[in-house]
Amino acid sequence: MDGLFLYKIIILYMLDRIDEYTLTNTQLTSFILDKGYTNLFNIHESLSEMIDSGFITVSTIRDTQHYKITNLGEEALFYFENRLPNPIKQDILDYFKAERINLKNESEIYADYYPNDNQEYTVECIIKERKDTLMDLKFNVPTRGLAISICDSWRAKSPEIYSYLMTELASSPDQDHPQN
């Protein structure tokens, strides 16, 4: 079996098995390198070819690439999954089982920022649960440093912020401000 073909099937299999989340470049490459399946050059060549072929998509959030399998990639995997050795499949499933909470946290709670037309920065803070967006909060801040600071603290503070907003927004005005 051609080496790049095997690496592509490994990547497609990983992305298919983690379908409710995305995988970052670091997560994919760390797993494949740690298992000694190939080198970084081959991984990146495989990823690039699969993006060009439409088997996977990539999005960038705060300088981190996130990969997701496409319908075309799922179809290709259907035809070639049987060529992926069972021990490699088991390694992938074991990795996901051991890293499930870390994978979930990295793909479900994230923040990014970008410059806007007002010479400020728009910060977007997101909480997802599987494929559903629970919260997508956008706001402007005056400096890049403040945008970075907010993004950096979002993961740790998001549960508390989400809970606070839900409690405040769901409370009846009569409960908080009784009329005389």
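This is a predicted model: local features need pLDDT of at least 70, side-chain atom pairs count only at pLDDT 80 or more; totals for chains, interfaces and linings use all residues.
**View 1. Helix α3 from end to end.** Helix α3 runs through residues 40-53, which makes 14 residues. From its first C-alpha to its last it reaches 20 Å, close to the 20 Å expected at 1.5 Å a residue. Look at the start of the helix, where a side-chain oxygen of N39 comes to within 3.1 Å of the backbone nitrogen of F41. Then look past the other end: α3 is followed by G54, and the phi of G54 is positive, near 85°.

**View 2. The buried face of α3 and its neighbours.** Five names to find here are N42, I43, S46, L47 and M50, which are buried in α3. Seen down the helix axis, the buried residues fall within an arc of 135°, so they line one face of α3.

**View 3. R17 and its charged partners.** Side chains of opposite charge can pair when their charged atoms come close. R17 gives you two examples to look at. Its side chain meets that of D16 in a salt bridge (2.4 Å, N to O), and it also meets the side chain of E81 in a salt bridge (2.7 Å, N to O). R17 lies in helix α1, while E81 sits in the loop between α4 (71-80) and α5 (86-108), so this pair ties together parts that are 64 residues apart in sequence. Is R17 buried, exposed or partly exposed? With a relative accessibility of 28%, R17 counts as partly exposed. If you widen the view, you can trace a network of salt bridges that links D16, R17, E81 and K89.

**View 4. A salt bridge between two strands.** Here the side chains of K138 and E124 meet in a salt bridge (3.9 Å, N to O). K138 belongs to strand β6 (residues 132-141) and E124 to strand β5 (residues 121-129), so you are looking at a link between distant parts of the chain, 14 residues apart. E124 has a relative accessibility of 17% and therefore counts as buried, since buried means under 20%. A search of the whole structure finds 5 salt bridges, and the pair of K138 and E124 is a salt bridge too.

Terms used
Residues are numbered from 1 along each chain as its sequence is written. Side-chain values use heavy atoms; hydrogens and water are left out. Helices (H or I, at least four residues) and strands (E, at least two) are DSSP runs, numbered from the N terminus. The expected span of a helix is 1.5 Å times one less than its number of residues. Buried means under 20% relative accessible area, exposed over 50%, partly exposed in between (1.4 Å probe, protein chains only). The arc is that of the directions from the helix axis to the C-beta atoms. A polar contact is a pair of N or O atoms within 3.5 Å; within protein, one must be able to donate a hydrogen and the other to accept it, and residues adjacent in sequence count only if both atoms are side-chain atoms. A salt bridge is a side-chain nitrogen of Lys or Arg within 4 Å of a carboxyl oxygen of Asp or Glu.
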